[in-house]
Amino acid sequence: MPRLGQPEEAVAFHRRAVAVHRQLHDTWQLALALSHLALDLAEDSRPEEARQHWREADSLLAGFPDFRAANAREHIHGLLPDQ
């Protein structure tokens, strides 16, 4: 997915999405929003913060036994520098 070069706006958007999905207890969408937030943070040269969100997303996705979750986790593992 191409990034739009506006990481600050993207970070703000995805932080709001994360907050909404937390309030709704929507674990699947929360994991996806965390992963998107992490991508934006990485683009904004904030790798430690990104890593935290990828790890949380990975942990949430571990609760889903389907192939989509497995694929999402594999993608996240490929983005984590220490994996």
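In this predicted model, the largest nonpolar core has 19 residues, and Val18, Trp54, Leu61 and Ile76 are those with the most contacts inside it. Four helices each supply at least two residues of this core: helix 1 (7-24), helix 2 (27-43), helix 3 (47-61) and helix 4 (67-79). Helix 2 gives the largest share, eight residues. As a general background to such a grouping, nonpolar side chains in soluble globular proteins tend to be buried together.

Leaving aside neighbours within four places in sequence, isoleucine 76 is in contact with Ser35, Trp54, Ala57, Asp58 and Leu61. Two of these partners, Trp54 and Leu61, are themselves among the residues with the most contacts inside the core.

Tryptophan 54 deserves a visit of its own. This residue is found in helix 3 and counts as buried, because its relative accessibility is 5%, under the 20% limit. With neighbours within four places in sequence left aside, tryptophan 54 is in contact with Ser35, Ala38, Leu39, Ala42, Ile76, Leu79 and Leu80. Proline 65 lies 11 residues from tryptophan 54 in sequence, and the two C-alpha atoms are 18 Å apart in space.

Serine 35, a partner of both isoleucine 76 and tryptophan 54, is found in helix 2. Its relative accessible area is 11%, so serine 35 is buried. Beyond the neighbours within four places in sequence, the contacts of serine 35 are Trp54, Ala57 and Ile76.

The packing of the helices comes next. Two packed helices are described by the angle between their axes and the distance between the axes. For helix 2 and helix 3, the angle is about 160 degrees and the axes are 8 Å apart. Angles over 145 degrees count as roughly antiparallel, and helix 2 and helix 3 are therefore roughly antiparallel to each other. Their crossing is left-handed. On the side of helix 2, the contact is made by Thr27, Trp28, Leu30, Ala31, Leu34, Ser35, Leu37, Ala38, Leu39, Leu41 and Ala42, and on the side of helix 3 by Glu49, Ala50, His53, Trp54, Glu56, Ala57, Leu60 and Leu61.

The crossing of helix 1 and helix 2 is left-handed. Helix 1 brings Pro7, Ala10, Val11, His14, Arg15, Ala17, Val18, His21 and Arg22 to this meeting, while helix 2 brings Gln29, Leu30, Ala33, Leu34, His36, Leu37, Asp40, Leu41 and Glu43. Here the residues divide into 10 nonpolar, four polar and four charged.

Histidine 14 counts as buried because its relative accessibility is 15%. Not counting residues up to four places away in sequence, histidine 14 touches Ala33, His36, Leu37 and Asp40.

At 62% relative accessibility, serine 45 counts as exposed.

Proline 47 belongs to helix 3 and counts as partly exposed, at 46% relative accessibility. Although proline 47 and leucine 80 are 33 residues apart in sequence, their C-alpha atoms are 9.2 Å apart in space. Leucine 80 is also one of the contacts of tryptophan 54.

Technical notes: Residues are numbered from 1 along each chain as its sequence is written. This is a predicted model: local features need pLDDT of at least 70, side-chain atom pairs count only at pLDDT 80 or more; totals for chains, interfaces and linings use all residues. Side-chain values use heavy atoms; hydrogens and water are left out. A nonpolar core is a set of buried Ala, Val, Leu, Ile, Met, Phe, Trp, Tyr and Cys residues joined through side-chain atoms within 4.5 Å. Buried means under 20% relative accessible area, exposed over 50%, partly exposed in between (1.4 Å probe, protein chains only). Contact means heavy atoms within 4.5 Å. Axes are lines fitted to C-alpha atoms, for helices over the stretch in contact, and angles run from 0 to 180 degrees between N-to-C directions. Angles under 35 degrees count as roughly parallel, over 145 as roughly antiparallel, 65 to 115 as roughly perpendicular and the rest as oblique. A crossing is left-handed if the near helix is turned anticlockwise from the far one by less than a right angle, and right-handed if clockwise. Ala, Val, Leu, Ile, Met, Phe, Trp, Tyr, Cys and Pro count as nonpolar, Asp, Glu, Lys and Arg as charged, and the others, Gly among them, as polar.
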